[in-house]
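Student: I have the chain loaded and would like to go through its side-chain contacts. Can we take them one at a time?

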Amino acid sequence: MKTLLMGLGRQGSRILELALQKGIEPVEVVDASPEAGGKAAAAHGKRIRVLEKNPLALSEAERIGFLKGYGLVLDALPSFHSYRLIRSGIRAGVKMVSVSFLAEDFMSLDGEARECGALIIPDCGGAPGFSHM
């Protein structure tokens with residue numbers, strides 16, 4: 001399954017390690033930081049491919065077309081990017097897991113996700129501290 005991981009921060013880097021341990025490869029990765037991509041490439045070699053094109057920089061129509069090429073999209077981006085990415089993922093009809101906290105009401109996207117045949121698992125991250133108390 002062609003897999004895209006968006007974000008190589010603490011959570012994204014760990015998600016990448018776990019995905020590779022489980023045999024999900026190759027994984028294409030995107031991060032705004034060239035250093036993060038270089039570090040991931042050095043650690044994982046040919047098991048990953050670091051993309052220079054960031055789907056968030058594309059128009060929504062282009063982003064939807066880009067995401068259609070993936071069987072699974074893993075979102076480990078800062079939360080202010082995630083809702084837009086999830087909405088595009090829905091319109092692309094992909095399977096997607098987001099570890100970002102979403103301030104927006106992601107359930108408002110349920111009807112469109114069903115119509116498009118998308119499977120979205122939002123708000124799936126682990127929060128440090130007492131954020132859920």
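Student: Where does P26 lie?
Tutor: This is a predicted model, where local features need pLDDT of at least 70, side-chain atom pairs count only at pLDDT 80 or more, and totals for chains, interfaces and linings use all residues. Residues are numbered from 1 along each chain as its sequence is written, and side-chain values use heavy atoms, with hydrogens and water left out. Helices (H or I, at least four residues) and strands (E, at least two) are DSSP runs, numbered from the N terminus. P26 lies in the loop between α1 (10-21) and β2 (27-30).

Student: What is omega for the peptide bond from E25 to P26?
Tutor: That bond is cis. Its omega is near -5°.

Student: Which residue forms a salt bridge with R47?
Tutor: A salt bridge needs a side-chain nitrogen of Lys or Arg within 4 Å of a carboxyl oxygen of Asp or Glu. For R47 the closest N and O atoms are 2.9 Å apart. The pair links distant parts of the chain, 22 residues apart, with R47 in the loop between α2 (34-44) and β3 (48-50). The partner, in the loop between α1 and β2, is E25.

Student: Why does E25 count as partly exposed?
Tutor: Buried means under 20% relative accessible area, exposed over 50%, and partly exposed in between (1.4 Å probe, protein chains only). E25 counts as partly exposed because its relative accessibility is 38%.

Student: R49 forms a salt bridge with E28. Is E28 buried or exposed?
Tutor: The closest N and O atoms of R49 and E28 are 2.8 Å apart. This pair links distant parts of the chain, R49 in strand β3 and E28 in strand β2. R49 is partly exposed at 48% relative accessible area. E28 has 9% relative accessibility, so E28 counts as buried.

Student: Which residues form a network of salt bridges?
Tutor: Start with E60 and R91, whose side chains meet in a salt bridge of 2.6 Å, N to O. The two residues are 31 apart, E60 in helix α3 (residues 60-67) and R91 in helix α4 (residues 79-92). The linked residues are E60, R87, R91 and E112.

Student: How many salt bridges are there by this rule?
Tutor: The R47–E25 bridge is one that meets the rule. The count comes to 7.

Student: D75 is buried yet has no salt bridge. What is the nearest side chain of opposite charge?
Tutor: D75 is in strand β4 (residues 72-75). Lys and Arg count as positive and Asp and Glu as negative; His and the chain ends are not counted. The nearest opposite charge is 10 Å away, and belongs to R84.

Student: Which side chains join D75 in a polar contact of 2.7 Å?
Tutor: A polar contact is a pair of N or O atoms within 3.5 Å; within protein, one must be able to donate a hydrogen and the other to accept it, and residues adjacent in sequence count only if both atoms are side-chain atoms. Another is with S98.

Student: What is the angle between the planes of F66 and Y70?
Tutor: Rings of Phe, Tyr and Trp (its six-membered ring) pair if their centres lie within 6.5 Å; planes under 30 degrees apart count as stacked, over 60 as edge-to-face and the rest as tilted. Both F66 and Y70 are buried. Their pair is tilted, 5.6 Å centre to centre, with an angle of 50°.
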